[in-house]
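Visitor: I am new here and would like to learn how to read a structure. Could you guide me through it?

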Amino acid sequence: MTYPPPSGGWHDPSAAAGPQSSPPADPTLPMAGNPIPTQPTSADPYAPADPYAGMKSGAPYAAPGYPPAPYAAPGYPAPGDPYAAGGYPAPAYPGYAPPSSKTNTLAIVALVLSLVGFTSCITAPIGAIMGHVARKQIRETGEQGEGMAKAAIIVGWILTALLVLLIIFYVVMIVIAVNSDSSSGY
């Protein structure tokens with residue numbers, strides 16, 4: 001079967017008579033300086049390109065002139081860790097330690113003794129003094145229980161003041177009773 005001759009001066013190289021000047025082009029070889037395509041990788045070919053990829057450095061928050069730290073910052077995954085947990089890291093505030101989950105035992109005991117002072121009266125000042133000691137311990141160790149220690153101090157000293165007023169009232173009443181009996185002349 002023959003094809004009609006091309007029109008417009010186009011010449012079919014395969015139809016030329018005689019030997020060809022060069023072998024046919026191999027489709028697996030690169031053409032005109034283009035690189036050879038590689039095998040597919042596990043990377044997502046449809047993922048958007050990062051426009052800031054060339055501007056990133058290994059340690060974006062490192063001080064100029066200092067090498068980056070060999071470890072990750074607290075609350076952040078290690079650099080390049082593909083299995084790091086997602087989500088937001090815990091905020092790190094310099095100079096402040098996160099509160100521990102342990103409550104100061106002395107603060108609990110001080111509050112209980114101050115509240116028992118409503119019925120026994122003698123444990124209220126003990127609870128107030130223990131509340132002061134508990135606040136000092138909380139400041140040194142960073143434990144929780146500051147509110148309980150303050151409540152123990154407030155309740156303990158108020159109940160102690162009421163106890164002292166009650167004792168003064170009884171002493172005054174006894175003195176008045178003794179003086180009223182001796183003044184009647186018997």
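Guide: Gladly! Let us begin with accessibility: buried means under 20% relative accessible area, exposed over 50%, and partly exposed in between (1.4 Å probe, protein chains only). Y170 has a relative accessible area of 49%, so Y170 is partly exposed. This is a predicted model, where local features need pLDDT of at least 70 and side-chain atom pairs count only at pLDDT 80 or more, while totals for chains, interfaces and linings use all residues. Residues are numbered from 1 along each chain as its sequence is written, and side-chain values use heavy atoms, leaving out hydrogens and water.

Visitor: How many aromatic pairs does the structure hold?

Guide: Rings of Phe, Tyr and Trp (its six-membered ring) pair if their centres lie within 6.5 Å; planes under 30 degrees apart count as stacked, over 60 as edge-to-face and the rest as tilted. Here there is 1 aromatic pair. The ring centres of F169 and Y170 are 6.2 Å apart and their planes stand at 50 degrees, so this pair is tilted.

Visitor: Which residues are buried in α1?

Guide: Helices (H or I, at least four residues) are DSSP runs, numbered from the N terminus. In α1, the buried residues are A107, A110, L111, S114 and G117. They lie on the same side of α1 because their arc around the axis is only 105 degrees, taken from the directions from the helix axis to the C-beta atoms.

Visitor: Is F118 buried or exposed?

Guide: F118 counts as exposed, because its relative accessibility is 57%. F118 sits in α1, which spans residues 105-120.

How values were computed
Helix = DSSP H or I, 4+ residues; strand = E, 2+ residues; numbered from the N terminus.
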